[in-house]
Amino acid sequence: MKVRHWLPPLAWAGVIVFATSVPTTMVPRQLGPFDKVAHFTMYAVLAGLLVTAVREQRALTKALIVTVLGVAVFGAVDEWHQRFIPGRSTEFADWVADAFGGSTGALTASLLIPRWFKRTHP
């Protein structure tokens with residue numbers, strides 16, 4: 001296991017936790033209509049980074065399963081944690097956006113991974 005492969009997904013997970021820990025009084029109101037897009041995008045990026053790290057140790061199919069389930073659980077825990085942040089709440093629709101973004105990001109990355117591995121792992 002190479003630590004350098006795990007640093008990007010761990011750092012991005014930290015960004016997500018930091019961003020969702022900010023009280024709503026500090027969040028710009030303009031984000032309101034784009035809330036689900038923001039959730040989708042943050043978790044798509046996380047899944048893309050994570051599937052690449054997991055792929056180093058598992059076959060692509062297993063990496064996809066581990067990533068999609070892991071991101072969905074991470075999203076659920078993050079939604080739960082937001083209920084303790086002033087002005088934030090837990091929303092099922094946000095979790096759905098997280099899970100859908102994670103699935104999309106993992107699938108997109110999985111399409112790119114075989115090409116990337118052929119170029120970098122002769």
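Helix α3 spans residues 60-82, and its 23 residues reach 32 Å from first C-alpha to last, close to the 33 Å expected at 1.5 Å a residue. This is a predicted model, in which local features need pLDDT of at least 70 and side-chain atom pairs count only at pLDDT 80 or more, while totals for chains, interfaces and linings use all residues. Residues are numbered from 1 along each chain as its sequence is written, and side-chain values use heavy atoms, without hydrogens or water.

**α2 against α3**
- The axes of α2 (residues 35-55) and α3, as lines fitted to C-alpha atoms over the stretch in contact, come within 9 Å and cross at roughly 140°.
- Contact (heavy atoms within 4.5 Å) joins α2 residues including His39, Tyr43, Leu50 and Arg55 to α3 residues including Leu60, Leu64, Phe74 and Glu79.
- By class, this contact of α2 with α3 has 12 nonpolar, 4 polar and 3 charged residues.

**α1 against α3**
- Helix α1 (residues 3-20) packs on α3 at an angle of about 25°, with the axes 10 Å apart.
- α1 and α3 are therefore roughly parallel to each other.
- Ala13, Ile16, Val17 and Thr20 in α1 meet Phe74, Asp78, His81 and Gln82 in α3.
- The residues of this α1 contact with α3 divide into 4 nonpolar, 3 polar and 1 charged.

Notes
Helices (H or I, at least four residues) and strands (E, at least two) are DSSP runs, numbered from the N terminus. The expected span of a helix is 1.5 Å times one less than its number of residues. Axes are lines fitted to C-alpha atoms, for helices over the stretch in contact, and angles run from 0 to 180 degrees between N-to-C directions. Ala, Val, Leu, Ile, Met, Phe, Trp, Tyr, Cys and Pro count as nonpolar, Asp, Glu, Lys and Arg as charged, and the others, Gly among them, as polar. Angles under 35 degrees count as roughly parallel, over 145 as roughly antiparallel, 65 to 115 as roughly perpendicular and the rest as oblique.
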